[in-house]
Amino acid sequence: MIVPMEHLLILSTILFLLGLVCVLAHRNLIMILIGVEIMLNAVGLTLVGASAFWQQIDGQIMVLFLMAMTSAEVSISLAMVVYLQRCKNSVDIRDFDEMRG
Amino acid sequence: MILLLTLTLLLPLLGGIINACFGNHLPKPMPVIVANGAVIGSFLACLGCLSSASGDGLRVTLFTWLSSGSFQADVGLLLDPLAAIMALMVTGVASLIHLYAAGYMQDDSDQTRFFALLNLFVFAMLTIVLADNLLLMFLGWEGVGFCSYGLIGFWYRNTENAAAGRKAFIVTRIGDLFFTVGLLWLFALFGTIGIEAINGQVAGLDPTTITIISLLLLGGACGKSAQLPLMTWLPDAMAGPTPVSALIHAATMVTAGVYLLCRMFPLVSLSPIAMGVIALVGVLTALYAATCALAQREIKRVLAYSTMSQVGYMFLAVGVGSVSAAMFHLLTHAFFKSLLFMAAGCVINLAGHENDIYLMGGMRQRSKLVAGLFMVGLLCLAGAPLTGGFFSKDLILATAFAKGDLFHQAIYVIGIVTAGITSLYSFRLGYLVFAGDFRGEELPDDLPGLMKWPLLPLALFGLFGGLLNLPHLFGGYSWLSGWLNTDTDVLHLSLNSEYLLSGTAVGVFVFGWLIAHLRYRKFVRRESGLISAFLLAGWQFDAFYDRLLIRPFRGLCRFCWQGVEVGLVDGLIEGFARTCISWGQALRKMTNGQISNYLQGFIWGLLLIMGWFLLRAVA
């Protein structure tokens, strides 16, 4: 293992937090989706790192599945964003508050 | 005989049921004919079985009503001399009043209900009279109360009438409570509720117990008979139709209390205290009601107070130990008072449905016959010499006098003063109604014949009712006392004092007449002073009871309603609900539909869980 485990964990934590802040702070739906992708990739990075650390292949396989799932998720999400844009002519998250109590 | 006795009781019930169930489907005069036929049939049946009533009497047990352990109540009839004379009076007077009512009510659209209730009343009254046990008597007792309630409020569309009916029902119910307690106590003591069985066993009883039970019975009697202190309902009861006032509130139901005391006389007479209280209640009521009658303006209220006063005399008679004097006065009073009420109904019709005697006057010219009949009734009421009322009232007062001790002397004095007042208000009524010229608006109204002719026999009975129990002094031989097996009631006063007593009675009668003659012969509109306003309002008893009982009760009810129900119960439940609602409202604000907010919640939760695990790891 070239990179120490600590560095890897710190990097993935930073990535995760960046994604999280992106999800929470942005009002644009597409930016939120990007934030989610970043968080997912942070998790993926941890899994790959852990897999290398313990010399076990399971983590890497899981990351492959994760990538496949993510691509499916992104295609559905973007389709929905297009649909929402057509409905309200906006991608601002504040306009979609029909579920309020 | 047994069949006749059963018919006496059941015919009015049958008539009442027919009218109540099918009356509205029968062609027009049929309900009236059914009702009249039932009561007249009952009268004839009663007349038929009269001969078997003497001595021990006639007994019929129709069926066992209730039976539980040692408790047994039969529907059993007992026709002994006391019951026979009472039943004959009830059915006879009721027959004449039914005939009169047929004329009085001929234009009323609710005839069927009226006659159904009137027939049921006669049935209930006969149940009281003929019952051989106290429970059956109580059934009739409640029955007359119910029918009285229904008939006082007969024209219930006027709220005042309905309220008067309710008042009568509630006030008599207070008395009924005493009666019930007495009844149950007697059952607890003797294990039986048969009237004869109880009367046969009382001799060995503890005097205090007898006194208390007698006073309880007196309480019941006071409620029904409108005696002090439960008398406020009777004047208001005049809201009912006139035949009802004549039948229920003059001749029969209000005398039920006297009848009860006569029935239980062997028990009551054992307690000198109870007897004294009965006499005192009677004479005070007589005085109270007579003074009230002096100031009344409505013709029927004058008669209502006079009824109360006369029933007071009957109580006095029982209290001084003379059942035959009580029954004698009960009979003559039933005749002349129902006569007076029915004639008053005629007068009201002739005056164009005017009740106020200040607006009458000159009614003599309207109908000589009605005026004559009314005056006959008034003479009997005032105790004019040789009328029925004279002899019966005289007998009561003489019996009180003959007791001799100071208490009874005082009662005699109050009684004789009351007799003078009675004469005064009777003639006041007569002068105001019949003398002078008509003071109201001209509204001539014709009388149907049925409203006049039934009055004639009553006038005759009233005038010659004295023959029933003519004292030896006047050449009679006290038939009624003999019939009732109460020969001890026949007075043995010296000839001189008897003449003196009769003379006094005549004296107060003439005295009352003279004052009325001087004061009311010519109608003068007087300013009503304080005293007459006080008397008009019945000594303010209504206001007094209002302060003493009704307002505190209302206050209690308001506390239970506003305090307990609205404040406590509703407050608790509504407060709980309100808390839940406000919590809900507060929590609602959290779900504002903004996804970032929800995600924030996730994050905080995540941090919390992670913090928890960290703490665990450190510890």
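**View 1. Contacts of G436(B) in a predicted model.** G436(B) touches G361(B), G362(B), K522(B) and F523(B), leaving aside residues up to four places away in sequence. Two residues are in contact if their C-beta atoms, placed from the backbone, lie within 7 Å. The C-alpha atoms of G436(B) and G361(B) are separated by 5.7 Å, although the two residues stand 75 residues apart along the chain. G436(B) sits in the loop between α19 (406–434) and α20 (455–464) of chain B. Helices (H or I, at least four residues) and strands (E, at least two) are DSSP runs, numbered from the N terminus. With 17 other C-beta atoms within 10 Å, G436(B) is partly exposed. A residue is buried if 20 or more other C-beta atoms lie within 10 Å of its own, exposed if 12 or fewer, and partly exposed in between. This is a predicted model: local features need pLDDT of at least 70, side-chain atom pairs count only at pLDDT 80 or more, and totals for chains, interfaces and linings use all residues. Residues are numbered from 1 along each chain as its sequence is written, while chains are lettered from A and ligands numbered from 1 in the order in which they are written.

**View 2. Packing of α3(B) with α15(B).** Helix α3 (residues 81–104) and helix α15 (residues 323–350), both of chain B, pack at about 5° with their axes 11 Å apart. α3(B) is therefore roughly parallel to α15(B). Angles under 35 degrees count as roughly parallel, over 145 as roughly antiparallel, 65 to 115 as roughly perpendicular and the rest as oblique. Axes are lines fitted to C-alpha atoms, for helices over the stretch in contact; angles run from 0 to 180 degrees between N-to-C directions. From α3(B), L82(B), I85(B), M89(B), V93(B), I97(B), Y100(B) and Y104(B) take part. They meet M327(B), L331(B), A334(B), S338(B), M342(B) and G345(B) of α15(B). By class, the residues of this contact are eleven nonpolar, two polar and no charged. Ala, Val, Leu, Ile, Met, Phe, Trp, Tyr, Cys and Pro count as nonpolar, Asp, Glu, Lys and Arg as charged, and the others, Gly among them, as polar.

**View 3. Helix α5 of chain B.** α5(B) covers residues 134–152, 19 residues in total. From first C-alpha to last it reaches 26 Å, close to the 27 Å expected at 1.5 Å a residue. The expected span is 1.5 Å times one less than the number of residues. α5(B) is mostly covered, with 15 of its 19 residues buried.

View 4. The peptide bond from L228(B) to P229(B) is cis, with omega near 0°. P229(B) belongs to the loop between α8 (207–225) and α9 (233–236) of chain B. L386(B) is not a glycine, yet has a positive phi of about 75°. Its loop runs between α17 (368–382) and α18 (388–403) of chain B. L386(B) is partly exposed, with 13 other C-beta atoms within 10 Å. In chain A, Q55(A) has a positive phi of about 55°, again without being a glycine. Q55(A) lies in the loop between α2 (29–53) and α3 (58–88) of chain A. Q55(A) counts as exposed because it has 7 C-beta neighbours inside 10 Å.

**View 5. Where chain B meets chain A.** Nine residues from chain B and nine residues from chain A form the contact. Helix α25 (residues 595–618) of chain B gives four residues, the largest share of the chain B side. That side has two nonpolar, six polar and one charged residues.
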